[in-house]
Amino acid sequence: MTRKRLTTAALLAALVLIFGMSLAFGSQHTSTATPFGGTDSVATAAIQQSDPDYVPWFQPWFNPGSAEVESGLFALQAGLGGTVLGFAVGALWGRRHPAPARTGD
Amino acid sequence: MHIAEGFLPATHCVAWYLASAPFVIHGGRRVIQQSKEQPEARLLLAAAGAFTFVLSSIKLPSISGSSSHPTGTGLGAVLFRPPVMAFLSTIVLLFQALLLAHGGITTLGANVFSMGIVGPFVGYGSWRLARRFGWSDRVGIFLALALADFTTYLMTSFQLALAFPDPVSGLAGAMTKFLGVFAFTQVPLAIAEGILGVLVFRVLLDIAGPELQRLGVVPALPEAVA
């Protein structure tokens, strides 16, 4: 049991370490216009630079408009996914741990 | 890995749609079949879909100084086979294309091909190979998630290079350029996704052992075999 917990702790620590180092070393790079800009937009910028004549022939039908609204919608996506994931894990846990019969008090 | 709306020539958009469609349709059928044949595995199916939904919404910083998101498709590919993930990834990508202006309707076929088809197939293949080599299921899960994530971005780089070859260095030059954007950034993220996958898989082994056995993910206990 303790070995299992140690493994879990070590795996979590590895995750924290990866993103800690990413934030620390990544901020020294100035390859993108904005620090930690998305690679999707970096790729788009690269296309516009190499093929300045290319005109995107279709526009998104809906645009969140601001970074705030967009981050809210991303949070909604994560929240929806997290809710379903939590429900599924909880329900599976319930299958393995049926509620004990109430003895009354 | 989202190729932005309108950023592939129309012929490419059609070609990627045609390439992805059979996998997605087959995957959709498999989802229905799966939930009918093994209703007890529905919760795991929901968990696999939700895992991808959450992970693809989180943009994480990388050592390259840019940020990108994991895909989370390797887990579902191991549990339910790759075509199911082609279908589930299409739902995720549609959501992002319609509500978040991430990716797009025109580039949906191409994005489904990288995230929903190439990634899951490579992830599942790595899992099977790890199994054949006799490696532990933890190592297999790590490789499945990390490689599904990484190869998704390799595919995106290839798709963009194919559409926008360099005037001087051609396809190879453009491929190098787009790999420079995606690959380096994705390495730490893919490793992190692999580690997260191991954590989630350990939880699933605890709470869904019988379901995982029936799906053939982990070997069935001798007494459980009829």
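The buried residues of helix α3 in chain B are Thr73(B), Gly74(B), Leu75(B), Gly76(B), Ala77(B), Val78(B), Leu79(B) and Phe80(B). A residue is buried if 20 or more other C-beta atoms lie within 10 Å of its own, exposed if 12 or fewer, and partly exposed in between, with C-beta atoms placed from the backbone. The model is predicted: local features need pLDDT of at least 70, side-chain atom pairs count only at pLDDT 80 or more, and totals for chains, interfaces and linings use all residues. Residues are numbered from 1 along each chain as its sequence is written, while chains are lettered from A and ligands numbered from 1 in the order in which they are written.

Stay with α3(B) for a moment. The helix spans residues 73–80 and is mostly covered, with eight of its eight residues buried. What do these buried residues pack against? Their partners are α1 (10–37), α2 (42–55), α4 (82–99), α5 (108–132), α6 (137–163) and α7 (170–207) of chain B. Just after α3(B) comes Arg81(B), with a positive phi of about 75°.

Now take chain B as a whole. It has eight helices and two strands. Helices (H or I, at least four residues) and strands (E, at least two) are DSSP runs, numbered from the N terminus. From that end, the order in chain B is α-α-β-β-α-α-α-α-α-α. The radius of gyration of chain B is 18 Å, close to the 17 Å that the globule rule gives for 226 residues, so chain B is as compact as a globular protein of that length. This radius is taken over C-alpha atoms, and the rule is 2.2 Å times the number of residues to the power 0.38. Along the principal axes, the C-alpha atoms of chain B fill a box of roughly 65 × 35 × 30 Å. Of the 226 residues in chain B, 61% are buried. Among contacts in chain B between residues at least 6 apart in sequence, 72% join residues at least 24 apart. Two residues are in contact if their C-beta atoms, placed from the backbone, lie within 7 Å.

Next, the interface. Here 53 residues of chain A are in contact with 50 residues of chain B. On the chain A side, α1 (2–26), β1 (37–38), α2 (39–50) and α3 (67–96) each supply at least two residues. The largest share, 16 residues, comes from α3(A). By class, this side has 31 nonpolar, 18 polar and four charged residues. Ala, Val, Leu, Ile, Met, Phe, Trp, Tyr, Cys and Pro count as nonpolar, Asp, Glu, Lys and Arg as charged, and the others, Gly among them, as polar.

Ala88(A) sits in helix α3 of chain A. Why does Ala88(A) count as buried? Because Ala88(A) has 23 C-beta neighbours inside 10 Å. Leaving aside neighbours within four places in sequence, Ala88(A) is in contact with Leu43(B), Ala46(B), Ala47(B) and Ala50(B).

Three strands form an open sheet in the order β1(A)-β2(B)-β1(B), with mixed pairing. Strands pair if DSSP finds at least two bridges between them. The edge strands, β1 of chain A and β1 (60–61) of chain B, each pair on one side only. Two bridges join β1(A) to β2 (residues 66–68) of chain B, and these strands run parallel. Within β2(B), Ser66(B) is the bridge partner of Gly37(A).
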